[in-house]
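Visitor: I would like a close look at a single part of this model. Please keep to what can be computed from the atoms.

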Amino acid sequence: MNWLKIIGPGLAVAVLIGITTSQSIASESLRVGGTGAALGLIRALCAGFAESHEGLVVKVPRSLGSTGGIKALLAGKLDLAVSSRPLRKNERQDGVREILIGRTPLVFVTSRSDLDGNINSADVVAMFGLASRTWPDGMRAYIVVRPKGESDFHLLAKGISGMEAALNRAWAKPGIPLAYTDQDNLDRAESLPGSLAMAALTTVITEKRRVARLALDRVPATLETIGNGTYRLEKPIYLMSAPGRGPVPTDFVAFVQRPQGHAILLASGILPVTP
Amino acid sequence: MPPDSNPSLASEAARISKTVTSIVLAMAALAALAPPLGYFLINYDYMTRETKTYATTSAGLLSRHIYGNPDLWHFESHRLEEILSRSNPQGGRIHQRILRLDGETIIAVGEEGGNPYVVHNSDILESGNKVGTLEVKQSLRPTLVRTGILALLSLLGALAVFLFVRVLPLRALQRAFSRLQLSQNDLKLARNTLDQSGEVIFITDREGEIVYFNSSFTHTRIRYPNGVLPKRLADFTEGLDGVHTDEVWQTLQRGEIWKGQYSSYGDGDSKRIADAVCTPITSEGNHEIHYIYMERDITERVKVEEALHASHRMDSLGNLAGGIAHDINNILTPILGFSDLLLEKAPDGSNDQKYLEIISKSTRRARDIISRILLLSREANNIGVRWKLGETVEEVVALLRSSLPPGIAIEIQVDEDLKAVEANPAQMNQLLMNLCVNAAKAMPEGGKLSILLNTVSLKAVKDLHGQTLTGEFVQLVVKDNGTGMDEKTKARIFEPFFTTGGPGEGSGLGLAIVYGIVKRLGGGITVSSRPGVGTRFDVYLPALAASETNLTETADPPPALGSGTLLVVDDEPSIVTVVKIILEGLGYCVEGASDPNQALEMFKSEPLRYDLVITDHSMPRLTGKELARELRGIRADIPIILCSGYSDSLGSEEARGLGFREILNKPVGAADLGRAVAAVLAQVRL
């Protein structure tokens, strides 16, 4: 099961952390959840953070989405929320604070391994807009579409000319399956032959997804290309914190912003934000 | 009967109308209710199923999505909303709401619409545990609105159905009933016509079974054995005189019309003659065949036709007799005249006197025979006198009594107030004599001869030959109880030369003369006879009013000597000669002409020369009547005596109207001629 792949490492870390914590600092916990794109990142960060916090119990629920994570934070169900978008006006209440921790490229992925690692933006528009149902080499193409409420939908729509109309057309097409979570998105990208999907680089890396990453118009989706601005499809990663949650969340945010945290970010496909 | 006055048909029409109305009302109600009700039920069922399907499907999707996240799943509201929106593609018609276990609404998608709703709830499960509820509902309001519109349209449709399905068929039904009513009336009229027809009418089926008969069928026929009406055509025609049942049936089987005539006899000697026709009747398509038998009683018509025929025969014979009599009289006139002249000159007791007397008597006998023959003809001398027949009866009986067989008793009954008739006494004698002689012959073994004279008043009584007698008549009845006659004999007894006797037993003129006399006098005659019972003749002669007195004959005076110039005209020169000699012997100056035109010229040349003209009537080129008209045109007061073998079509009144002062019948004797001339001249010279 795909979800085992997703939550399995997290649970293992949690159990490990829990066991460790229970031996030193009892009842210290950290609940972090939100966008599914960063779940692998969070788990890696938690594992690094837990090294300095014995007895810490970390809870990372399955993907709630950025909005769901923020809601859960506001509802007190999470200590920190991870989001791929900034707070909206209605979410800025009760002292909730957003911390941009880095950016990750949005990369086109496919289950095909026989490509030369590139796709043109025109082909992307044609395939997502259902103008072409095949790859340029003639193979049947299966696109994986995200719901309109997801941040990836809007990032992709704004990142490529003509993509918004193409995505709307695909979204409105009956029978086109929607991938409601990032994990669903990559599950489909892995399992469908001839698939074409877009995912955050960090998700692909941290979850070790078996998909081929494609350069867009010969520009690879790497931390370097988004760092130098040659690759414009990128996704921000925020941590949202709320007051009154104790020191652990604050410590965690500080950890992330330290070099140790940055190293984990870079290893997880996130280009850290430097102050 | 007017159409609406047939209660059974009217009630039947009302019943059908009521039934049709009920059926159409039911149809209209069905048409009004079925579409909206059906539409609503189908939609309601569909919506119920659809709602349940949506609820089940969406709850399943949600359950799969929230798997592994039993605590925080409800924070994914934006995803849950998109999942529900994707599963509700029909413009949000279906309202879906996710409820937590505490009843709080997490998200709701779709139009809620208005009450009432079709609602279905499905559990949202996580690892088999209920974590929430998906409420799916659809508003019934749009369906109810559409149902209402459909109900309105259906109502209009039902109204139209009611109007068209009820009104039109009922109108057609009423028209059909009206036509049926008219047909029934026609049928009734036809049936009444058949029933009330005087003809015998019945109808049979193709097997000859009588299926209809009219009232005449039961009333007219007199020969049904034991009073049992025939049931078949063959029963009816069997035994009819002159009708062969097999022939009738075979004719009909060939599709042809059978016609026939037969006679039947009832009680007594009543006879009925019928003209019958039997016709095949085929209905449309020749599927149904009936036969109609019609029989008309033509007894009266046949009698009239026979009478007319006999009358024509009598007229023909009379004309023939008149012509012969004229010629013979012309021959007899000089014989009688010259024999009278010679007889006056013959020495008494001489053979010449004896021979001349024989010639004179023979001539007079011949004249009598001719006069009898003339009685057959209406042209015979019709000059009569007012006469009471009682005296004639006594004279005839006196003459007969000695010649009748002793076994015949004669009974005479004469009404004391018997009225007179205008008749020639000699003809009356002849009439009565002939009837009595016939009666006596019918009683060879003796019997009773009755002679009755009455004055009777008749009202539309038809005589033997169909003549209608109305008014006051002198009735002469001559009846016997002799052998009588059968119908065939009775039908011919007035024909001239018809006799039932053997050779030498009769001329066959007796009753023909009787008929001629009666007819000439404007009377009538009836006869009834039955074989073995006897015969009765009833002679009716027009009675004169009581004020008209009798005239009695005076004794003939001897011819007187006279004077004057006379013109005698006759196409027979011998007659001119003998008349001239007779009258010259009496002192007259006589000029004769055998050509009427010559006589006219003679008269024209000297009109005042002549005191009297004696002319024949039947002459070539110019008749006596025409000559008289010419003469009176020249000299209006010239007296003219008509002396003719018979007076042709001149009656006595007409002859006098033409200026004839006297009419003499040839052959005329010297004395009669002399008296007539003297009498006319005496009148002129008064």
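Take strand β21 (residues 660–665) of chain B: how many of its residues are buried? Please also describe what surrounds this strand.

Guide: The model is predicted. Of the 6 residues in strand β21 of chain B, 5 are buried, so that the strand is mostly covered, a residue being counted as buried if 20 or more other C-beta atoms lie within 10 Å of its own.

The pairing comes next. Strand β20 (residues 640–644) of chain B runs parallel to β21(B), and 5 bridges join the two. Within this pair, B:I641 has B:E662 as its bridge partner, and B:L642 stands opposite B:I663. In general, strands of a sheet pair through backbone hydrogen bonds, in either a parallel or an antiparallel manner.

The pair belongs to an open sheet of 5 strands in chain B, with the order β18-β17-β19-β20-β21 and parallel pairing. β21 of chain B is an edge strand of this sheet, as is β18 (589–593), and each of them pairs on one side only. On average, neighbouring strands of the sheet are turned by 20° against each other, with direction ignored.

A helix also touches the strand. Helix α17 (residues 670–684) of chain B packs on the sheet, where its contacts are β17 (565–569), β19 (612–615), β20 and β21 of chain B. The direction of α17 makes about 175° with that of β21(B).

To sum up, β21(B) is an edge strand that is joined to β20(B) by 5 bridges, is touched by helix α17 of chain B, and has 5 of its 6 residues buried.

Terms used
Residues numbered from 1 in each chain as written. Chains lettered and ligands numbered in written order. Predicted model: local features only at pLDDT ≥ 70, side-chain atom pairs only at ≥ 80, totals over all residues. Buried ≥ 20, exposed ≤ 12 C-beta atoms within 10 Å, placed from the backbone. Helix = DSSP H or I, 4+ residues; strand = E, 2+ residues; numbered from the N terminus. Pairing = 2+ DSSP bridges. Axes fitted to C-alpha atoms, helices over the stretch in contact; angles between N-to-C directions. Contact = placed C-beta atoms within 7 Å.
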